[in-house]
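Q: Could you walk me through this structure slowly, in plain words?
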Amino acid sequence: MERNKKTLSLFILLLLLLVCKSEECPSLPKNLTCYTDYNRNITCLWNSKYVSDDTACTIHAQYKSRYFSYSASCHLKPFDVSRPALKKCSLIFGIEYTFLSFHELSLNLSCNQMKSVITSFKPSCHIKVNPPAEPKVNFTSVSWLSQVPEHERISSYRSEVEWKKQDQSWSDPAVQKPGIQCEQECKAELEPDLLIQGERYEARVRVRSIFQHREGAWSDWSPTASWESPPVGAGMLRFP
C-alpha cells in the first residue's frame with residue numbers, strides 16, 4: 001500500500017514537472033526578436049551588425065511531432081534606410097490557425113555558408129496581434145473591434161486609447177492614454193464636460209492579447225479617427 005502511494009506521488013510530481021515545462025517560454029538571442037499573430041504568421045527582426053549588408057540570410061522554422069509537422073522560410077531584408085543592419089522577414093504558414101499553445105518550433109537563422117543559429121520559439125509566448133480597425137466615434141462614444149476578422153483562439157484583450165486635439169502631436173505628454181480590458185467589442189464613453197465645442201479631435205487604439213494568463217506585445221496603432229465635438233462643452237474619456 002505504501003509503495004503504491006509513493007508510485008502515485010512520483011507520477012503526480014512528474015506530471016506537474018511536464019506541465020510546468022510546457023508553460024515555460026524559451027528565450028531568443030538578444031539580437032533576434034520574433035512575434036506571431038497566433039494564426040499563420042511569424043515576423044522576425046534581426047540585428048545583423050556583424051554581417052555584411054550583401055550577405056544572404058534566411059530564417060527557417062519547423063514544428064515536428066509524431067503525428068503532425070509544418071514549416072516555413074523567409075529571406076531577411078533591410079527595411080529601414082536609417083538602420084541598414086536591421087533586417088526583417090515574415091514566415092507565412094500554409095494553414096489558418098497553425099499554432100497550438102504547446103507548440104515549440106525550431107528556429108534556424110543562417111547566412112550563406114556561415115554556421116546556423118538555432119533556437120527555440122514558442123508562438124504562444126510571443127503574440128502580437130494585428131492592429132484594430134479604425135475606431136468609430138458617435139457623439140460621445142468611441143467603439144472598436146479588437147480584431148477584424150475576430151481571432152478564433154484569443155478572446156480577451158487589453159486596449160489602450162489615445163485621443164487628442166487635432167493640432168496636438170501624439171508625442172505630447174498631455175495626450176490622454178486610458179486603458180481597459182475587453183473582449184472583441186470595446187467601447188469608451190466621452191465625458192461631455194471636457195470636450196470643447198466645435199474643436200476637432202483624433203483617436204486611435206491598440207490592443208494586446210491576454211492568453212493563458214500571459215499578455216502579448218502591443219499591436220501597432222489602428223488608423224486614426226477624426227471628429228468634431230458636438231456643442232456640449234469640454235470632455236475626456238471615461239470607461240465603464
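Q: Is Cys 89 buried or exposed?
A: Cys 89 counts as buried, at 7% relative accessibility, where buried means under 20% relative accessible area, exposed means over 50%, and partly exposed lies in between, with a 1.4 Å probe and protein chains only.

Q: Before I go on, what sort of model is this?
A: This is a predicted model, in which local features need pLDDT of at least 70 and side-chain atom pairs count only at pLDDT 80 or more, while totals for chains, interfaces and linings use all residues. Residues are numbered from 1 along each chain as its sequence is written, and side-chain values use heavy atoms, with hydrogens and water left out.

Q: Back to the cysteine, then: which residue forms a disulfide with Cys 89?
A: Cys 74 forms the disulfide with Cys 89, and their sulfur atoms are 2.0 Å apart; a pair of cysteine sulfur atoms counts as a disulfide when they are within 2.5 Å. The pair links distant parts of the chain, since Cys 74 is in strand 4 (residues 69-75) and Cys 89 in strand 6 (residues 86-92), 15 residues apart. Strands (E, at least two residues) and helices (H or I, at least four) are DSSP runs, numbered from the N terminus. Cys 74 is buried as well, at 7% relative accessibility.

Q: How many disulfides are there in the whole structure?
A: A search of the whole structure finds five disulfides, and if the bonded cysteines of the protein chain are numbered in sequence order, the pairing reads 1-8, 2-3, 4-7, 5-6, 9-10.

Q: What about Cys 57, where is its partner?
A: Cys 57 forms a disulfide with Cys 111, with the sulfur atoms 2.1 Å apart, and this link is right-handed, with 110° about the S-S bond. Cys 57 is in strand 3 (residues 57-64) and Cys 111 is in strand 7 (residues 105-111), so that the pair links distant parts of the chain that are 54 residues apart. Cys 57 is buried with a relative accessible area of 2%, and Cys 111 is buried with 3%.

Q: And which hand does the link of Cys 25 and Cys 125 have?
A: That link is left-handed, with -80° about the S-S bond, and the sulfur atoms of Cys 25 and Cys 125 are 2.1 Å apart.

Q: Changing topic, where does Tyr 38 sit, and what is its phi?
A: Tyr 38 is in the loop between strand 1 and strand 2 (41-47), and its phi is near 55°, a positive value in a residue other than glycine. Tyr 38 is buried, with a relative accessible area of 1%.

Q: What is the phi of Gln 212?
A: Gln 212 has a positive phi of about 55° although it is not a glycine, and it is found in the loop between strand 14 (200-211) and strand 15 (214-215). Gln 212 is partly exposed, with a relative accessible area of 39%.

Q: Last one: is the peptide bond from Val 148 to Pro 149 cis or trans?
A: The bond is cis, with omega near -5°, and Pro 149 lies in the loop between strand 10 (141-145) and strand 11 (156-165).
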